[in-house]
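Good morning. Please have the sequence and the structure open while I talk. I will go through a few local regions, one at a time.

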Amino acid sequence: MDRKIPSRLLYPRSSALSIPGAMASTQNRAKRSSVSVLLAMSIVFLSSRLVSGQSAVFACDVSKNPDLGSFGFCDSSLGIAARVDDLVKRLTLQEKIGFLVSKAVGVSRLGIPSYQWWSEALHGVSYVGPGTHFSSVVPGATSFPMVILTAASFNTSLFEAIGKVVSTEARAMYNVGLAGLTFWSPNINILRDPRWGRSQETPGEDPLLSSKYGSAYVRGLQQRDDGDLNKLKVAACCKHYTAYDLENWKGVDRFHFDAKVTKQDLDDTFQPPFKSCVIDGNVASVMCSFNKVNGIPTCADPNLLAGVIRGDWKLNGYIVSDCDSVDVIYNTQHYTKTPEEAAAKSILAGLDLDCGSFLSQHTEAALKGGYLNESAIDKGISNNFATLMRLGFFDGDPSKQLYGKLGPKDVCTSEHQELAREAARQGIVLLKNSPGSLPLSPTTIKSLAVIGPNANVTKTMIGNYEGTPCKYTSPLQGLTASVPTLYQPGCSNVACTTAQLDDAKTIASQADATVLVVGADQSIEAEGRDRVDVLLPGQQTLLVTEVAKAAKGPVILVIMSGGGMDITFAKNNDNITSILWVGYPGEAGGAAMADVIFGYYNPSGKLPMTWYPQEYVDKVPMTNMNMRPDPATGYPGRTYRFYTGKTVYSFGDGLSYSQVSHHLALASKLVSIPLAEGHVCRSQKCKSLELLGSICQNLTFDIHLRVKNLGRIGGDHTIFLFTTPPSVHSAPKKHLLGFQKISLTAQSEQLVKFKVDVCKDLSVVDEMGSRKVALGSHMLHVGSLKYPFNVGI
């Protein structure tokens, strides 16, 4: 279990470095068409009309209409199933169909107002989606780092703490009529390819990290302080299910892409985060994606939806389409001959809610055409109503419920903003540090050159699916708070078509140290926009090289990006003394960068994804979904688990200002799996065992490690436990079993304990998608420590 976050660690210093920034403008989300563009733009106009005095939207307001008290669905003493059943029976067919879409129509005769399901909270309450707005009442919300940087902290208690803050601010905004209760976050897709425009939104390339992130963030969003697990603080949504990780690459877009995925890769790589989100996180919703998987649109696949999510994993909640996905099934993918068939196929597959209007337009005709019956509609809206029941939407006045007293004073609190700064600090990854370079001394550095197209950015730091932040601290502002600075952008923007070298070189030659802040922004990598290379854009490489050559003192290169970059030139350049990756670090990003650069915080982030060289993306098309290498074709595979080629930096890389040592204190040399007398593997040699019957019951063992901080600086450290399984079923060459974030003072030592579940942690997925325990010799890895052990019968 990860180190809990004590208040002294979260808030060690005031956040005085931040200064107010301009209101963030709404971005074009371009979900699919110009309709979506208009929807995103309308948020600005809607928010301008919101004024003080608005209140939460809710049903069953018996204070205004006492007759509602006689309806069973308004009786909170009844069970949810009984209340839902009562409500569904009271609705006409047309009213039922109105509850299949994201802008649900109201039914005034039953005291039910219109409800907008679509709100977002990827890394803070967002203005993306029409369910949430900012106004003079609540002008901004805490904007945490983009998920890829938070994931680099490898701290599950931090993931949950962020979720808890976001849900508190969401409830506060709901109470004043500025937000809904259903938030379509987090994005837990596997980062398969560095060119993917939405890399920034994800927890990275590892199934275990993505699983831990998803379930922890969901718990933070959903779990109530009264411990009632049947009720929800807000409803989270894990997306985009499944094998979705391509936007628009060389003419192939997400609406037309058919992801050809093997059963082995699907169950080994793409499904685990969603399974964990439903089973471990008890998420209230799953969103199906635009793309097809093996020829079938995910939102029309009965095996993936009704079969797996609802059947195998027992989702307690609703399944929603990505926005306009059902429309895409008919109009773009031409999967059905008629719109009625598309509506029917999606509902019968297990879809409960359409983000869009397609089902409101075509479901009645589908019913009349005999493509589905009314009971299928009842099933879908019942899942939607049950979620709203768990949220208290049908319990009357929310001001009389738990969280009813939250309001504007509970948004952008100093504690919430300091957590945003702490999250950025914990995620920042130190990739290179020549002896004596970092940390800089704020007393000996008399002048600092700050250069680069991202050196004084604000909005760039908060990435996409953003809200208006409480305030901004740019890199330049953060650094200037510690030492005097000289600033030149070097490029007018990240595209850097022409580098302005002379002024940048001049200040670097005068200053005691130089910080270059370069990388990407939403013009380079974004939803709807994949990259075609992994190089620094435009003339940024020239800018960095020339400034480093001219610089008088140490040169610190800071990369702001979601996906990895091929910065081999900088890694191998002795003039560049240190390299930091800061993702998109959120509203307090500049303060967090300064904390690390000046040694107020000892860096502890680790890369949650592989950084590949450009030659990799030249060779590998984004459309190839195979995770495993193919020696016959020279295909090198993907992610640290399977990739066989050279890397710029590897998954898990990240330096600290202090070194740690690992010593094995307790481990098993042999793990025996009990088998029944007549088991076939007692009479013949088996390479693996199916996870059947009772063989997995209580089959665990302990690994204890003594971890010592050898340095003079205290700090946090991430401990990884990897394993290399036997070479069966094209198993990963290495995969992550567990991780823990610990805090060590200078020269101190700590015992770190892992409990290994044999069937869960030492199993591999075979060619048919079945999980099996690999028999034979396994190798544990912790840092440079390797320990072989055997799994037998």
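This is a predicted model: local features need pLDDT of at least 70, side-chain atom pairs count only at pLDDT 80 or more; totals for chains, interfaces and linings use all residues.

**Ser437 and its surroundings**

Let me start with one serine. Apart from its neighbours within four places in sequence, Ser437 is in contact with Thr577 and Ser578. Where does Ser437 sit? Ser437 lies in the loop between β11 and β12. Is Ser437 buried or exposed? Its relative accessibility is 6%, and because buried means under 20%, Ser437 counts as buried. From Ser437 to Ser492 there are 55 residues in sequence, and the C-alpha to C-alpha separation is 28 Å.

Now the strand β11, residues 429-433. Of its 5 residues, 4 are buried, so β11 is largely enclosed by the rest of the structure. β11 is joined by 4 bridges to strand β16, residues 578-581, and the two run antiparallel. In that pairing, Asn433 stands opposite Ser578 of β16. Ser578 has come up already, as one of the contacts of Ser437.

Next, helix α17, which covers residues 501-510. Which of its residues are buried? They are Leu501, Ala504, Ile507 and Ala508. These residues cover an arc of only 145° around the axis, which puts them on the same side of α17. If you want the general rule behind such a pattern, an α-helix has 3.6 residues a turn, so residues three or four places apart point the same way.

What do the buried residues of α17 pack against? Their partners are the strands β12 (448-451), β13 (485-488) and β14 (513-519), together with α18 (540-550).

Let me stay with α18 for a moment. The axes of α17 and α18 come within 8 Å and cross at roughly 35°. That crossing is right-handed. On the α17 side, the contact is made by Leu501, Ala504, Lys505, Ala508 and Ser509. On the α18 side, Leu542, Leu543, Glu546, Val547 and Ala550 take part. Sorted by type, the residues of this contact divide into 7 nonpolar, 1 polar and 2 charged.

Pro489 is in the loop between β13 and α17. At 26% relative accessibility, Pro489 counts as partly exposed. Leaving out neighbours within four places in sequence, Pro489 is in contact with Ile451, Gly452, Pro453 and Leu543. Leu543 also belongs to the α18 side of the helix contact. Pro489 and Leu501 are 12 residues apart in sequence, and 9.6 Å apart in space from C-alpha to C-alpha.

Two sheets remain. In what order do the strands of the parallel one run? This open sheet has 3 strands, in the order β3-β7-β10. Its edge strands, β3 (238-241) and β10 (318-321), each pair on one side only. From one strand to the next, the twist averages 30°. Strand β7, residues 285-288, pairs with β10 in the parallel sense over 4 bridges. Within that pairing, Met287 has Val320 of β10 as its bridge partner.

The other open sheet also has 3 strands, in the order β6-β8-β9, and its pairing is mixed. β6 (258-259) and β9 (296-297) stand at the edges with a single partner strand each, so one side of each is left without a neighbour in the sheet. β6 pairs with strand β8, residues 292-293, in the parallel sense over 2 bridges. There, the bridge partner of Ala259 is Val293 in β8.

That is the end of my part.

Notes: Residues are numbered from 1 along each chain as its sequence is written. Side-chain values use heavy atoms; hydrogens and water are left out. Two strands pair if DSSP finds at least two bridges between them. Axes are lines fitted to C-alpha atoms, for helices over the stretch in contact, and angles run from 0 to 180 degrees between N-to-C directions. Buried means under 20% relative accessible area, exposed over 50%, partly exposed in between (1.4 Å probe, protein chains only). The arc is that of the directions from the helix axis to the C-beta atoms. Contact means heavy atoms within 4.5 Å. A crossing is left-handed if the near helix is turned anticlockwise from the far one by less than a right angle, and right-handed if clockwise. Ala, Val, Leu, Ile, Met, Phe, Trp, Tyr, Cys and Pro count as nonpolar, Asp, Glu, Lys and Arg as charged, and the others, Gly among them, as polar.
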